[in-house]
Amino acid sequence: MVININFRDSRPIYVQVKTALRKLIVSGAMPPDEKLPSVRELAAQLVINPNTIQRAYRELEQEGYIISIPGKGSYANIRTQVDAGRKRELLSALDEIVTELLFLGVTSDELEERIRQKEAANEG
């Protein structure tokens, strides 16, 4: 599992960790039910404060991407169990992006083709 932290990035470190872990889960690089490193292990690996990792894990759990079992650790969650609130949040963000892309002259055919490409990539 590779997580890169960019200390020059304007985003807080916990957001970078959360985003990297979410991408690993969504891409399938971290399959459902795979155990995540402990907070201490990941903090030591990234050379950052354990509280930063704890915050990222807590938010991922609230969003439904991971499950934490006291005394056992944190695990990647099954896709169907991810919070519906996260879907609404992403669809809202997509609406804003699509509106701007249409304004910039991107056609609906181009947007549909882009979605088809992403579907094909996820199926393959």
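1. Helix α5, residues 108–123, contains both E113 and R116, which sit 3 residues apart, about one turn of the helix. In this predicted model, the side chains of E113 and R116 meet in a salt bridge, with 3.4 Å from N to O. E113 is partly exposed because its relative accessible area is 36%. R116 also counts as partly exposed, at 43% relative accessibility. Side chains of opposite charge can pair when their charged atoms come close.

2. A network of charged residues comes next. Salt bridges that share partners join K18, R22, R55, E59 and E63 into one network. The structure holds 6 salt bridges.

3. E63 lies in helix α3, which covers residues 50–63. Is E63 buried or exposed? With 12% relative accessibility, E63 counts as buried, since the cut-off for buried is under 20%. The side chain of E63 has a polar contact of 3.2 Å with the side chain of K18. A polar contact of 3.0 Å also links the side chain of E63 to that of R22. For a sense of distance, the C-alpha atoms of E63 and P12 are separated by 18 Å, and these residues are 51 apart along the chain.

4. R22 belongs to helix α1, residues 13–27. The relative accessible area of R22 is 13%, so R22 is buried.

5. E59 and R55 form a salt bridge in which the closest N and O atoms are 3.5 Å apart. Why are E59 and R55 separated by about one helical turn? They are 4 residues apart in helix α3, which means a separation of about one helical turn. E59 is buried because its relative accessible area is 18%, whereas R55 is partly exposed, with 37%.

6. R55 has a further arrangement that can be checked in the viewer. The charged end of R55 sits over the ring of Y14, at 3.8 Å from the centre of that ring. As for pairs between aromatic rings, the structure holds 0 of them.

7. Another salt bridge pairs the side chains of R11 and D9, at 2.9 Å from N to O. R11 counts as partly exposed because its relative accessibility is 35%. D9 is likewise partly exposed, with 23% relative accessibility; buried would require a value under 20%.

8. D33 has a positive phi of about 75° although it is not a glycine. V47 also has a positive phi, near 55°, and is a residue other than glycine. Most residues other than glycine have a negative phi.

9. Where do D33 and V47 lie? D33 is in the loop between α1 and α2, the latter being residues 39–46. V47 is in the loop between α2 and α3. D33 counts as exposed because its relative accessibility is 52%, and V47 is exposed, with a relative accessible area of 68%. The cut-off for exposed is over 50%.

10. On the surface, L91, L94 and I97 form a nonpolar patch, with about 280 Å² of accessible area together. One of these residues, I97, is placed in helix α4, residues 84–103. I97 counts as partly exposed because its relative accessibility is 47%.

11. The overall layout is as follows. The protein chain has 5 helices and 2 strands. Read from the N terminus, its elements run α-α-α-β-β-α-α. The C-alpha atoms fill a box of roughly 50 × 35 × 25 Å along the principal axes.

Note on methods:
Residues are numbered from 1 along each chain as its sequence is written. This is a predicted model: local features need pLDDT of at least 70, side-chain atom pairs count only at pLDDT 80 or more; totals for chains, interfaces and linings use all residues. Side-chain values use heavy atoms; hydrogens and water are left out. Buried means under 20% relative accessible area, exposed over 50%, partly exposed in between (1.4 Å probe, protein chains only). A polar contact is a pair of N or O atoms within 3.5 Å; within protein, one must be able to donate a hydrogen and the other to accept it, and residues adjacent in sequence count only if both atoms are side-chain atoms. Patches are made of residues with over 30% relative accessible area and no salt bridge: like charges are joined within 9 Å, nonpolar side chains (Val, Leu, Ile, Met, Phe, Trp, Tyr) within 5 Å. Accessible areas come from the Shrake-Rupley method with a 1.4 Å probe; for residues, only the protein chains shown count as cover. A salt bridge is a side-chain nitrogen of Lys or Arg within 4 Å of a carboxyl oxygen of Asp or Glu. Rings of Phe, Tyr and Trp (its six-membered ring) pair if their centres lie within 6.5 Å; planes under 30 degrees apart count as stacked, over 60 as edge-to-face and the rest as tilted. A charge sits over a ring if NZ of Lys or CZ of Arg is within 6 Å of the ring centre and within 35 degrees of the ring normal.
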